[in-house]
Amino acid sequence: MRRRNENQPEQEENSGIDYSVYHMGILEWLLYVCMAGAVLFLVGYIFYRSIILSFAISLFGLLYPKMRKKKIIEARKNKLNMQFKDMLYSLSSAVGAGNSVESAISVVLDDMEQQYNDPNVFIIKELSLMKLRLQMNRTVEEVFNDFAARSHLEDIETFASIFQIAKRTGGNLIDIIRNTTQIIADKIEINQEIETMLSGQQAEQKVLTILPFGLVLFMTKSSGDFMEPIFTTAIGRGVATISLAVILLANLWSKKIASIRI
């Protein structure tokens, strides 16, 4: 695994980043497993007061790196989508000023470098790769199609398809790029507004997920022997297990409701 991770930057530089793939290093994997295992151990101890059961529950932390990898991939795609919107505005302006699409790539690259001031930004890497491939006599349609295929993002795939059709049919590229840019940018902005509106509800959802654990811990500390049957009898542990399952299902359900895309 280490050898593959060390070669990853070179592979990305030559062939571009596949935004649906993320190689997690062994140290990063161990960090996420330990973090998740510690949290699950605490949750198990709060509900069962048993070291053995808590340790058994903590083993589910081995599943967390896979879940975390999906989150990292989703975050990368969201960043790329927002950067792509800025790229489209710049490309539309550059083409509208009389540049060909091929020469406009260099103009857009300079614009993005000034805007982000970080060579590791995804869109700067992509534009640099586009410029390099155009210099190697690759067509601009091939460059955009490759970017779309690696991004796995609907907006970029849509733009690449429309651009390819416009090139083949001899359409007015300036108007097509301008109109496509406006439509895609509006869609991205609406998604961003929806995420902003949902951020408050998502914070409330996290609080409501944590609240039952705090309530059980408070009752255990303040009620003396009242909670003892929960931790010492089979019926009590069955109730605790059902409660944990309900909390988990409620958490998954609330996340599903909050995941809105257009």
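Tyr19 is buried, with a relative accessible area of 0%, where buried means under 20% relative accessible area, exposed over 50% and partly exposed in between, as computed with a 1.4 Å probe on protein chains only. The model is a predicted one, in which local features need pLDDT of at least 70 and side-chain atom pairs count only at pLDDT 80 or more, while totals for chains, interfaces and linings use all residues. Residues are numbered from 1 along each chain as its sequence is written, and side-chain values use heavy atoms, with hydrogens and water left out.

A search of the whole structure finds eight aromatic pairs; rings of Phe, Tyr and Trp (its six-membered ring) pair if their centres lie within 6.5 Å, and planes under 30 degrees apart count as stacked, over 60 as edge-to-face and the rest as tilted. The ring centres of Tyr19 and Phe122 are 5.4 Å apart and their planes stand at 90°, so this pair is edge-to-face. Because Tyr19 lies in the loop between helix 1 (2–15) and helix 2 (26–48), and Phe122 in helix 6 (residues 122–135), the pair ties together parts that are 103 residues apart in sequence. Helices here are DSSP runs (H or I, at least four residues), as strands are (E, at least two), numbered from the N terminus. Phe122 is buried, with a relative accessible area of 14%.

Phe47 and Phe213 also form an edge-to-face pair, with 5.4 Å from centre to centre and 75° between the planes. Phe47 lies in helix 2 and Phe213 in helix 9 (residues 173–222), so the pair ties together parts that are 166 residues apart in sequence. Both Phe47 and Phe213 are buried.
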